[in-house]
Amino acid sequence: MFALQSTFKPISEQEKASDALSTGIKNGDKHQVLLGVTGSGKTFTVAQIIQKLQMPALIISHNKTLAGQLYQEMRDFFPKNAVSYFVSYYDYYQPEAYVPQTDTYIEKEAEINDLIDKLRLAATSNILTRKDVIVVASVSCIYNIGSPVEYGKFILSLNKGDKINEKNIFKRLVELQYERSQFDFKRGTFRVRSQSIDIYPAYEDISYRITLQNERIESITSRNPLTGKLLNSKNDAVVIYPAKHYMIGSDVFLRAEQKIRDDLKRESSELKKRGKNLEAERLIQKVNYDLEMMKEMGYVNGIENYSRYFDGRSRGDPPYTLLDYFSNQYGNHWLNFIDESHMTIPQIRGMFNGDQSRKNTLIEYGFRLKAALDNRPLKFDEFYNKVPYSVYLSATPNEWEKNESQGKIVEQLVRPTGIVDPMIKIKPTQGDIDDLIIEIRKKIKKKQRVLVTTLTKRTAEDLSTFLKEKNINSVYLHSDIKTLERTDILQKLRRKEYDVLIGVNLLREGLDLPEVTLVAILDGDKEGFLRSKTSLIQTMGRAARNVEGEVVIYADNITKSMKAAIDEVQRRRLYQVAYNNKHNIKPRNIEKQIRDDIIKSEFRDKLEGDKNVMLTLDRLSVESMTAFDKKKTVRKLELAMRKYAEQLDFESAILIRDKVRELNSQ
């Protein structure tokens, strides 16, 4: 049962929008558009639709920063329901590739963010166990994650009073890809203590202690995984889901192994016939190694490239994705909202081709079987065949969304706060940075924040450095910044740890920053993607959450895109003014809670007791430490290093980092 909780009450425009879209879904309309201006409360309208229809929902955003913001908002709207966050779990990702021109093979290399991995696993386990599920995802949700049917089979169900041998529990946990670890108790591990087994699920923030007596489960308790403190002693049962999304049963592997070997024989023979003996031998060696690893360990790096064999799919069949978890569990009774659809739809459409080009090169040179082509994102038409109902959210929907909706476009042009679209000034590019600094200082005096958008990442970094030299507290934001750090930077801007945020296209859609009163657009007359009508409207909308909001565009000419964008903003401004006059509304600033960082809550408890780290750092003797002591100390130092970095005490963080490197090198 979805229960929306909010201090807000929907205004008439929001109520009309949610009613119209809900009615459309009830009538079977597969495609609808919500054209909502910045600050009109589109997310709140989505929440109302979910509550009115009582249907699970998948909300897709085109970048992780906005997905994180939506996740926090939905979590606040539905605190008693299962709200999950599903984005790519890589802080760093280098896909497997081969460059024939230089004979360079690039092995897949990834730095997985454990917190995001937990949130992904929580999303799939929630779908399998609950009906009140909302998942906020990036476009990574259209990538292969394995069959939901197979994943659902891999569970460990433990009930109080069950008769079970502890070795059977160990065996099942290993099959679920949990590791046994007596000392480093972290997500996805278990440990044995006398008559009890501690299990730390990969998708939760608590651990479970299973106490056995005479091969019978005497009790199941939930605990704090760090301190061991008892949280709940009344668990009658617990279900443990896998620690990874790709799971292979022994029976499934035996069936798939022969098919893999048959394809290996045929494809290696084809390579030899074409005179590619080196490539053929490379393929034979690679596949045989992977098969041995899967047989012994149940997993191998790159296992997803064999997923077609394990899923029972034929060549060319679409992969199993997060959408299949929804369809498998809820049928057609779920909703799909596409946030900032003018950006997200093209991104979904373009994922497939780039993936196939890279895979074909790997296959041609003997690094992968042809089955690797079926480990891929969904094609555009496959995506829409899996989605029962779609609502496109945007202030600037593209023609594609408008055509698909067949005129079912619901407008939401009024902000509940009465804030009108910002006033727009056009200034020459000559002396633009000097003028920008003057404008920024005006806002800083009023304790307000500024957004500056540039055309390149290099310009954003250089401008940030230049402003710091002028004693202006600034920071840049672009795609090289790690996933969760982006959200935290935005929160720090709101808390006035920064005065100016500089970025490229990351400053455009969906960023909800009520403290911002100035948006400055550099090189506004450079026609292109970042200075198109749509981009300019979206960028200017960042100043529409504060009554003092204004936009400065630095340009020497008024381009067609600039004129069209300014005209549309003026139209919406007049619409809001008329509404305010009619209802006697006095514009007021948007009030928006400043939430905890997604990262910070993860480490808050663990950092207690680390105050004396710096005092003891010099006294640490690497030579006198056991292997266990080293591992335990490294873990503690890494947590302390993050704490000092968060406090901007980088000198201390660097000293700790060097000690960690020293310990790891031994």
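These legends describe close-up views of a predicted model.

**View 1. Tyr98 pairs with Tyr365.** The two rings form a tilted aromatic pair. Tyr98 belongs to strand β5 (residues 97–99). Tyr365 sits in the loop between α11 (341–364) and α12 (380–386). The pair therefore ties together parts that are 267 residues apart in sequence. Tyr98 has 9% relative accessibility, so Tyr98 counts as buried. Tyr365, at 24%, counts as partly exposed.

**View 2. Tyr105 stacks with Phe367.** Here the pair is stacked, with 0 degrees between the planes. The distance is 4.4 Å, centre to centre. Tyr105 lies in strand β6 (residues 104–106). Phe367 lies in the loop between α11 and α12. Parts 262 residues apart in sequence are thus tied together by this pair. Tyr105 is partly exposed, at 31% relative accessibility. Phe367 is buried, with a relative accessible area of 11%.

**View 3. Arg282 lies over the face of Tyr98.** Tyr98 is the buried tyrosine of strand β5 seen in View 1. Arg282 is placed 6.0 Å from the centre of the Tyr98 ring.

**View 4. Arg180 lies over the face of Phe170.** The distance from Arg180 to the ring centre is 5.0 Å.

**View 5. Ring pairs build an aromatic cluster.** Its members are Phe380, Phe383, Tyr384, Tyr392 and Trp400. Ring pairs link these residues together.

**View 6. Ser535 contacts the backbone of Phe529.** Ser535 is part of helix α17, which covers residues 533–540. A polar atom of the Ser535 side chain lies 2.6 Å from the backbone oxygen of Phe529. Is Ser535 buried or exposed? Ser535 counts as buried, because its relative accessibility is 1% and the cut-off for buried is under 20%.

**View 7. Glu404 and His31 meet across the sequence.** Glu404 is found in helix α13 (residues 399–405). How many residues separate Glu404 and His31 in sequence? They are 373 residues apart. In space, their C-alpha atoms are 6.1 Å apart. Glu404 is partly exposed, at 32% relative accessibility.

Definitions and conventions
Residues numbered from 1 in each chain as written. Predicted model: local features only at pLDDT ≥ 70, side-chain atom pairs only at ≥ 80, totals over all residues. Heavy atoms only, no water. Helix = DSSP H or I, 4+ residues; strand = E, 2+ residues; numbered from the N terminus. Buried < 20%, exposed > 50% of the residue type's maximum accessible area, 1.4 Å probe, protein only. Polar contact = N/O pair within 3.5 Å; in protein donor to acceptor, adjacent residues only side chain to side chain. Phe/Tyr/Trp six-rings, centres within 6.5 Å; stacked < 30°, edge-to-face > 60°. Lys NZ or Arg CZ within 6 Å of the ring centre and 35° of its normal.
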